[in-house]
Amino acid sequence: MTTELPRSRGRPRRFEADQAVATAQDLFHARGYDGLSVSDVTEALGINPPSFYAAFGSKVGLYAKVLDRYAATNAIPLQDLLRSDRPVAECLASLLEEAARRYASNSATLGCMVLEGTRSNDMAAREAACVFHTAAEQMIRACIAARHPDQAERWSDFVVTTMAGLSARARMGQSLDRLLATAHLAGSVLTSSMPSTSED
């Protein structure tokens, strides 16, 4: 999408909103919502504050668009991993391994942007991130509940907590090998401890 935003003088400046959101995604992912100011964003985008507010309304308005883009392009593909034709424990182990790989895939944008956003000091930003986090948690729980209803809460809590730990450790600079070692250990716990059923 291309729009024209007003400038104080001269011709209107053409503004690529989609590219701006992509740039902002990298910034929010790398520095976190709390670590990024509107002036940081406007400088990176090469626009002035009035143009920023005209395009996005507010910092949290931009963040909401960034979260939408992250969910569509960079989030872990839960539907592809949580398959009904594989044992649940195997699906969850693959999910944890994929999380470790994605969280360490880019040294500039470590960890999960949604998980890190749920810890924001800004309530509106935190609530926006929690919407995506809750949706992902519900998908994981539903996958388990379909075949292990009595274990769904227990094991979804285990998986989500492990993912949060992997994200935090990635943000601290832990290597991919160590993150994968943790993911594999958690996966082995799932495989050995989760009860099997005829449907698995």
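Ser51 counts as buried in this predicted model, because its relative accessibility is 5%, under the 20% limit applied to buried residues. The residue lies in helix H3, which covers residues 49–56. The side chain of Ser51 is joined to the side chain of Asn48 by a polar contact of 2.8 Å.

Two further residues were examined for burial. Arg86 is located in a loop, with helix H5 (78–81) on one side and helix H6 (88–103) on the other. Its relative accessibility is 15%, so Arg86 also counts as buried. When residues up to four places away in sequence are left aside, Arg86 touches Leu81, Cys91, Ser94 and Arg147. Tyr103 belongs to helix H6. With a relative accessibility of 2%, Tyr103 counts as buried. Leaving aside residues up to four places away in sequence, the residues touched by Tyr103 are Ile76, Thr109, Leu110, Gly111, Cys112, Leu115, Met163, Leu166, Ser167 and Ala170. Between Tyr103 and Arg126 there are 20 Å in space, taken from C-alpha to C-alpha, and the two are 23 residues apart in sequence.

Two helix pairs were then considered. Two packed helices are described by the angle between their axes and by the distance between the axes. For helix H1 (residues 17–31) and helix H2 (residues 38–45), the axes come within 10 Å and cross at roughly 135°. The crossing of H1 past H2 is right-handed. On the H1 side, the residues that meet H2 are Ala20, Thr23, Leu27 and Arg31. Their counterparts in H2 are Asp40, Val41, Ala44 and Leu45. Sorted by class, this contact of H1 with H2 has five nonpolar residues, one polar residue and two charged residues.

The second pair consists of helix H4 (residues 59–73) and helix H8 (residues 123–145), whose axes come within 10 Å and cross at roughly 15°. This angle makes H4 roughly parallel to H8, because angles under 35 degrees fall in that class. H4 passes H8 in a crossing that is right-handed. From H4, the contact is made by Val60, Tyr63, Leu67, Asp68 and Ala71. H8 contributes Ala124, Ala125, Ala128, Ala129 and Phe132. By class, the residues of the contact of H4 with H8 comprise nine nonpolar, no polar and one charged.

At the level of the whole protein chain, there are ten helices and two strands. From the N terminus on, the order of elements is β-β-α-α-α-α-α-α-α-α-α-α. Along the principal axes, the C-alpha atoms of the protein chain fill a box of roughly 70 × 30 × 25 Å. The protein chain has 200 residues, of which 40% count as buried. Among contacts between residues at least 6 apart in sequence, 65% join residues at least 24 apart.

Note on methods:
Residues are numbered from 1 along each chain as its sequence is written. This is a predicted model: local features need pLDDT of at least 70, side-chain atom pairs count only at pLDDT 80 or more; totals for chains, interfaces and linings use all residues. Side-chain values use heavy atoms; hydrogens and water are left out. Axes are lines fitted to C-alpha atoms, for helices over the stretch in contact, and angles run from 0 to 180 degrees between N-to-C directions. Helices (H or I, at least four residues) and strands (E, at least two) are DSSP runs, numbered from the N terminus. A crossing is left-handed if the near helix is turned anticlockwise from the far one by less than a right angle, and right-handed if clockwise. Contact means heavy atoms within 4.5 Å. Ala, Val, Leu, Ile, Met, Phe, Trp, Tyr, Cys and Pro count as nonpolar, Asp, Glu, Lys and Arg as charged, and the others, Gly among them, as polar. Buried means under 20% relative accessible area, exposed over 50%, partly exposed in between (1.4 Å probe, protein chains only). A polar contact is a pair of N or O atoms within 3.5 Å; within protein, one must be able to donate a hydrogen and the other to accept it, and residues adjacent in sequence count only if both atoms are side-chain atoms. Angles under 35 degrees count as roughly parallel, over 145 as roughly antiparallel, 65 to 115 as roughly perpendicular and the rest as oblique.
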